[in-house]
Amino acid sequence: MIKTILFDVDGTIIDTEYVMTHYLQKTLREELEKELPIQELHYILGIPGREAIKKFVNTEEEEDIFLSKWGKNVLLLAENVQVFPHLAEILQKLHIKGIQLGIVTSKTKEEMKNEFDRFDLNQYFDIQITASDTNLHKPFPDPIQKAIDELHVKNEETIYIGDSLYDMQSAKACGVTFGLAKWGAQNIENFQNVVIVIDSPQEILDLLEI
């Protein structure tokens, strides 16, 4: 029986695909004079920003500068980022039922503060594991395992809900059930072997019967 539900953030709780990819494109154009089509930037969804830009910069100092510019650009359109429909009410219902909820995200603590806190959803979560909390990130098991360890829950009673291959691979490596958030997923054909496909946030409540 599922007793703990862990969530990815981007593409699972909030819809950030457009903002993240288009403003990376804008930053690449402005800072490095590189022009890349949006479809070539979808690889960034689900991994930390610092990992996403390593192919474009050579030093840690360049990384810091580029990340700062990208972050400022993202904040210009922050008001366009929204919680997926019905997600907030489902989180509230799960919280009321006493289900332990956690976040495992590739965002840093600072990014969560700037891009997530304004939605007033933190009240529903018992833990947040960000890219600032582990040395290894998804697709490695470390972030999910850290959440499990700190919550003192069992892997077999935990499900991780996400929208990317990195989410799926991290859950599998950690030995927890993976649930695909279909509403935010790209290239559904890549998830043919996923047993639990969640078509809408309302279906998350059904997971409690597993």
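Q: Axes here are lines fitted to C-alpha atoms, for helices over the stretch in contact, and angles run from 0 to 180 degrees between N-to-C directions. What angle do helix 6 and helix 7 pack at, and how far apart are their axes?
A: Helix 6 (residues 142–151) and helix 7 (residues 165–174) pack at about 55°, with axes 8 Å apart. Both names come from DSSP: helices are H or I runs of at least four residues, strands are E runs of at least two, and numbering starts at the N terminus. This is a predicted model, in which local features need pLDDT of at least 70 and side-chain atom pairs count only at pLDDT 80 or more, while totals for chains, interfaces and linings use all residues. Residues are numbered from 1 along each chain as its sequence is written, and side-chain values use heavy atoms, with hydrogens and water left out.

Q: Which residues make the contact between helix 6 and helix 7?
A: On helix 6 they are Ile144, Gln145 and Ile148, and on helix 7 they are Ser170, Ala171 and Cys174. Contact means heavy atoms within 4.5 Å.

Q: How many nonpolar, polar and charged residues does that contact have?
A: There are 4 nonpolar, 2 polar and no charged residues. For the classes, Ala, Val, Leu, Ile, Met, Phe, Trp, Tyr, Cys and Pro count as nonpolar, Asp, Glu, Lys and Arg as charged, and the others, Gly among them, as polar.

Q: What puts the buried residues of helix 7 on the same side?
A: Asp167, Ser170, Ala171 and Cys174 are the buried ones, where buried means under 20% relative accessible area, exposed over 50% and partly exposed in between (1.4 Å probe, protein chains only). They span an arc of only 95° around the axis, so they sit on the same side of helix 7. The arc is that of the directions from the helix axis to the C-beta atoms. That buried set packs against helix 6, strand 6 and strand 7. Helix 7 also lies across strand 6 (158–162) and strand 7 (177–181), at about 165° to strand 7.

Q: What about the buried residues of helix 6: what arc do they cover?
A: Pro143, Ile144, Ala147, Ile148 and Leu151 are buried, and their arc is only 140°, which puts them on the same side of helix 6. Their cover includes strand 1, strand 4, strand 5, strand 6 and helix 7.

Q: What makes strand 6 and strand 7 a pair?
A: Two strands pair if DSSP finds at least two bridges between them. Strand 6 and strand 7 have 4 bridges in the parallel sense, so they qualify. Ile161 stands opposite Gly179 in strand 7, while Phe7 stands opposite Ile161 in strand 6.

Q: Why are strand 5 and strand 8 called edge strands?
A: The open sheet has 6 strands in the order 5-4-1-6-7-8, paired in parallel. Strand 5 and strand 8 (196–198) each pair on one side only.

Q: How do you know that Thr130 counts as buried?
A: Its relative accessibility is 2%, so Thr130 falls in the buried class. Thr130 is in the loop between strand 5 (127–129) and helix 6. Beyond neighbours within four places in sequence, Thr130 contacts Thr105, Lys107, Thr108, Lys109 and Met112.

Q: And why does Leu165 count as partly exposed?
A: Leu165 has 32% relative accessibility, so the partly exposed label applies. Leu165 belongs to helix 7 and touches Asn190 and Phe191, not counting residues up to four places away in sequence.
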